[in-house]
Amino acid sequence: HKLSVPVVLYGTEFQLRVWKELLKIKSGATVTYEHIAMKIGKPSAVRAVGSAVGKNTVSIIVPCHRVVNKTSGRINYAWGAEVKKALLKGEQAA
């Protein structure tokens with residue numbers, strides 16, 4: 001089901017571009033930081049994308065848990081790797 005929640009995002013122009021791109025990721029899907037960097041027209045800004053993702057203060061509404069490392073190794077998530085895994089698993093089951 002689609003959830004509609006009014007939200008106002010405050011951040012730099014770059015952060016807002018990243019966060020708006022996160023909103024396009026379908027539930028249950030994942031993309032890489034590199035993918036987001038390319039989608040916003042900044043292919044060399046992968047680390048900056050990671051920083052912007054990490055500064056997202058409404059992480060369930062703006063789904064930063066759907067962004068993964070290219071190598072799928074280390075999992076970074078403010079609420080911990082287990083929460084990120086559980087969110088993704090729950091979305092895939094829905």
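**Exercise 1. Where is Ser44 found, and is Ser44 buried or exposed?**

Solution. Ser44 sits in the loop between α2 and α3. Helices (H or I, at least four residues) and strands (E, at least two) are DSSP runs, numbered from the N terminus. Next, take the accessibility. Buried means under 20% relative accessible area, exposed over 50%, partly exposed in between (1.4 Å probe, protein chains only). Ser44 has 75% relative accessibility, so Ser44 counts as exposed. Its C-alpha atom is separated by 16 Å from that of Val31, 13 residues apart along the chain.

The model is predicted: local features need pLDDT of at least 70, side-chain atom pairs count only at pLDDT 80 or more, and totals for chains, interfaces and linings use all residues. Residues are numbered from 1 along each chain as its sequence is written, and side-chain values use heavy atoms, with hydrogens and water left out.

**Exercise 2. Work out how α1 and α3 pack.**

Solution. Start with the geometry. Helix α1 (residues 13-22) and helix α3 (residues 46-54) pack at about 75°, with axes 9 Å apart. Axes are lines fitted to C-alpha atoms, for helices over the stretch in contact, and angles run from 0 to 180 degrees between N-to-C directions. The two helices are therefore roughly perpendicular (65 to 115 degrees).

Now list the contact (heavy atoms within 4.5 Å). From α1 come Phe14, Gln15, Val18, Trp19 and Leu22; from α3 come Ala48, Val49, Ala52 and Val53. By class, eight are nonpolar, one is polar and none is charged. Nonpolar here covers Ala, Val, Leu, Ile, Met, Phe, Trp, Tyr, Cys and Pro; charged covers Asp, Glu, Lys and Arg; the others, Gly among them, are polar.

**Exercise 3. Which residues of α3 are buried, and what do they pack against?**

Solution. Val49, Ala52 and Val53 are the buried residues of α3. Seen down the helix axis, they fall within an arc of 100°, so they line one face. The arc is that of the directions from the helix axis to the C-beta atoms. On the other side of α3, Arg47 and Gly54 are exposed. The buried residues pack against α1 and α2.

**Exercise 4. Which residues touch the most other members of the largest nonpolar core?**

Solution. The core has 16 residues; Val18, Leu22, Ile36, Val49 and Val53 touch the most other members. Such a core is a set of buried Ala, Val, Leu, Ile, Met, Phe, Trp, Tyr and Cys residues joined through side-chain atoms within 4.5 Å. The elements giving two or more residues are α1, α2 (33-39) and α3. Finally, take Val49. Not counting residues up to four places away in sequence, Val49 touches Phe14, Val18, Tyr33, Ile36, Ala37 and Ile40.

Notes: Angles under 35 degrees count as roughly parallel, over 145 as roughly antiparallel, 65 to 115 as roughly perpendicular and the rest as oblique.
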